[in-house]
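This report looks at one helix and the sheet beside it. Please have the coordinates open while reading.

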Amino acid sequence: LNGSQRRDADQLAVANLRWVGFKAQPAGVADHLNYNQTQILVYTGNTGAAHEIAQELQVPATSIQDLTGTAVQPDPANPVDFQVILGQDYDPCQR
């Protein structure tokens with residue numbers, strides 16, 4: 001989800017994650033566009049993969065929140081392992 005002011009940030013992040021082997025899908029705009037820090041929400045306990053996502057997106061590991069067993073899936077009909085909400089700290093042009 002794009003939670004930043006950067007146009008198409010979610011599309012760029014998805015392309016990046018797909019390039020390295022993740023099955024990422026763009027989900028559009030977050031509930032607001034003024035997230036300062038990217039959030040990587042973990043629903044399956046796989047924090048190792050969440051660290052890989054953080055590294056690939058070049059955001060701090062403090063972005064990871066393990067919600068395993070404590071939070072409801074964003075869409076119960078379409079369960080996901082992770083949800084990424086991009087914040088102002090995500091810069092798709094860092095490479």
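## Helix α2 and its cover

What covers the buried residues of α2? The cover includes α1 (9-19), β1 (39-42), β2 (64-66) and β3 (82-85). Contact means heavy atoms within 4.5 Å. Helices (H or I, at least four residues) and strands (E, at least two) are DSSP runs, numbered from the N terminus.

Helix α2 spans residues 47-57, and A49, A50, I53, A54, E56 and L57 are buried there. Buried means under 20% relative accessible area, exposed over 50%, partly exposed in between (1.4 Å probe, protein chains only). Seen down the axis of α2, the buried residues fall within an arc of 165°, so they line one face of the helix. The arc is taken over directions from the helix axis to the C-beta atoms. Just after α2, Q58 has a positive phi of about 55°.

## The sheet

The sheet is open, has three strands in the order β2-β1-β3, and its pairing is mixed. Strands pair if DSSP finds at least two bridges between them. β2 and β3 stand at the edges with a single partner strand each, so one side of each lacks a neighbour in the sheet.

β1 and β3 run antiparallel, joined by four bridges. I40 has V84 in β3 as its bridge partner. β1 and β2 run parallel, joined by three bridges. In β2, Q65 is the bridge partner of L41, and D66 that of V42.

## Basis

This is a predicted model: local features need pLDDT of at least 70, side-chain atom pairs count only at pLDDT 80 or more, and totals for chains, interfaces and linings use all residues. Residues are numbered from 1 along each chain as its sequence is written, and side-chain values use heavy atoms, leaving out hydrogens and water.
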